[in-house]
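Please load the model in your viewer and keep the selection tool at hand. The tour goes stop by stop: select, look, move on.

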Amino acid sequence: MKIGANNKILNFGGFSVTSDADAGQAIADITTADFSTSYTSDGANAAFVISKSFFASTSISYVAIAGHNLSTIGATFAVKVNTVLKETTAYGTYVIGGSANSNQWVTMIHFPEVAAATNVEITIAKAAASKATISYMSMGDLLDSEFVYPLQNTAPGGFPKNWRTRSSNLRSVVNDAGQPVANIRQSMARKTTLNLKNIGVATINSDLWSDFLALIYDQDGAFFYKEDDGEANTTDAPLGATLAFEADVMPPKLHGSTRAMVDLSIKFNAYTGT
C-alpha cells in the first residue's frame, strides 16, 4: 500500500500550465481538495501540460489526481521528474446499454524516491479539440518510507477495495403493493477505516508522520492511497487509487507485548471516481 504523506504543490516555486492553457482559469484551483473548483484546458492543443518547479530541490515519490474527465476523453497521463519519465497511464472509455459511461478513476503514480527533484511535469495527451478537467492534484513523499518492517503498510485482511465497486446507492419509491415505482440513484462516499498493525514507534516519531498529520489537520483534510502497489502479491494499479477525505487519525495504541510498536487507525470517507 502506498500512502501520500504530504502535498508539495504549494512549496515555494512555480506552478503553471505550459500547454493548452485557458487564460480565464487559475491552475491554483487544483491545489486544494475543494472540488467546487477545477481547471479545464483550452482544447486548442493535443497536449495539456502542467509544470511544478521548486526553488529548492526536494524529494518526490508520487503524483496523484482526482475529479477529472480523462476517461471520458480517452486521455493518457504521464509524469516526468527532472525530465525523466516515471510512468504513463492510459484511460479508456466503455459503453453500457448504448450510452457512454466512464469511470473517472482516482489516479496515483508512485516511483522510487527522487531525492533532489527540481521540476515535475504532468502531460495529458488527448485529442486536440478535447478539454481536460482536473479538480485536485497532489505530489510529494510516501508515508511507507518510514515503515520499519516490509508488511507494515500492507492493507489488512478485510480492508475494502472501494474502487472495485460503484460508489452510489439506490433509493426507491414504493407503492401500496410494496412495489418500486420510481428509483433515484445517488453518488456516495463510502465510510472506511484503515487499521495498520505493529507499526514501529519510530514511524510516529518521524518528521514524515508530522507532515502527514499536518496534511490532514492543517491543510486539505485529505490524502491519497493505493492498496495495489505492485508489492505483496499485487499488480500495480495506478487507476485503483482512493482520495481519503474528512480523515481523522485515531490516537496510536500501544502494542500489547512491546512498547516498540503501536497500532494505527485512520477513519475517512473514500472517493474513487467510480
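## Aromatic rings, salt bridges and a buried Asn

Select Phe 223 to begin. In this predicted model, Phe 223 is buried, with a relative accessible area of 2%.

**Stop 1: the ring pairs.** Nine aromatic pairs are present in the structure. Select Trp 209 and Phe 212, a tilted pair with ring centres 5.5 Å apart and 40° between the planes. Where do these two sit in the fold? Both belong to helix H2, residues 207-219. They are three residues apart there, so about one helical turn separates them. Buried or exposed? Trp 209 and Phe 212 are both buried.

Return to Phe 223 and Tyr 225. Their rings form a tilted pair: 6.3 Å centre to centre, with 40° between the planes. Now widen the selection to Phe 159, Trp 209, Phe 212, Phe 223, Tyr 225 and Phe 268. Ring pairs link these six names into a cluster.

**Stop 2: Lys 2 and its partners.** Switch to charged side chains. Side chains of opposite charge can pair when their charged atoms come close. The structure holds eight salt bridges.

Select Lys 2 and Asp 144. Their side chains meet in a salt bridge, 3.8 Å from N to O. Lys 2 is in strand E1 (residues 2-3). Asp 144 is in the loop between strand E10 (133-140) and strand E11 (168-174). The pair links distant parts of the chain, 142 residues apart. How accessible is each partner? Lys 2 has 3% relative accessibility and counts as buried. Asp 144, at 18%, also counts as buried, because the cut-off for buried is under 20%.

Asp 229 lies in the loop between strand E14 (222-226) and strand E15 (241-249), while Lys 2 is in strand E1, so the bridge ties together parts 227 residues apart in sequence. Asp 229 and Lys 2 are both buried.

**Stop 3: Asp 236 and Lys 226.** Select this pair next. Their side chains meet in a salt bridge at 2.9 Å, N to O. Asp 236 is in the loop between E14 and E15, and Lys 226 is in strand E14, ten residues away. Lys 226 is buried, at 0%.

Step back and select Lys 2, Asp 144, Asp 229 and Glu 231 together. Salt bridges with shared partners join these residues into one network.

**Stop 4: Asn 7.** Finish in the loop between E1 and strand E2 (15-19), where Asn 7 is found. Asn 7 counts as buried, at 9% relative accessibility. What does its side chain reach on the backbone? Look for the backbone oxygen of Met 137, at 3.5 Å. Then look for the backbone nitrogen of Met 139, at 3.3 Å.

Last, show the contacts of Asn 7, leaving aside neighbours within four places in sequence. Among them are Thr 31, Tyr 62, Tyr 136 and Ser 138. Leu 215, Gln 219 and Asp 220 are also in contact with Asn 7.

Note on methods. Residues are numbered from 1 along each chain as its sequence is written. This is a predicted model: local features need pLDDT of at least 70, side-chain atom pairs count only at pLDDT 80 or more; totals for chains, interfaces and linings use all residues. Side-chain values use heavy atoms; hydrogens and water are left out. Rings of Phe, Tyr and Trp (its six-membered ring) pair if their centres lie within 6.5 Å; planes under 30 degrees apart count as stacked, over 60 as edge-to-face and the rest as tilted. Helices (H or I, at least four residues) and strands (E, at least two) are DSSP runs, numbered from the N terminus. Buried means under 20% relative accessible area, exposed over 50%, partly exposed in between (1.4 Å probe, protein chains only). A salt bridge is a side-chain nitrogen of Lys or Arg within 4 Å of a carboxyl oxygen of Asp or Glu. A polar contact is a pair of N or O atoms within 3.5 Å; within protein, one must be able to donate a hydrogen and the other to accept it, and residues adjacent in sequence count only if both atoms are side-chain atoms. Contact means heavy atoms within 4.5 Å.
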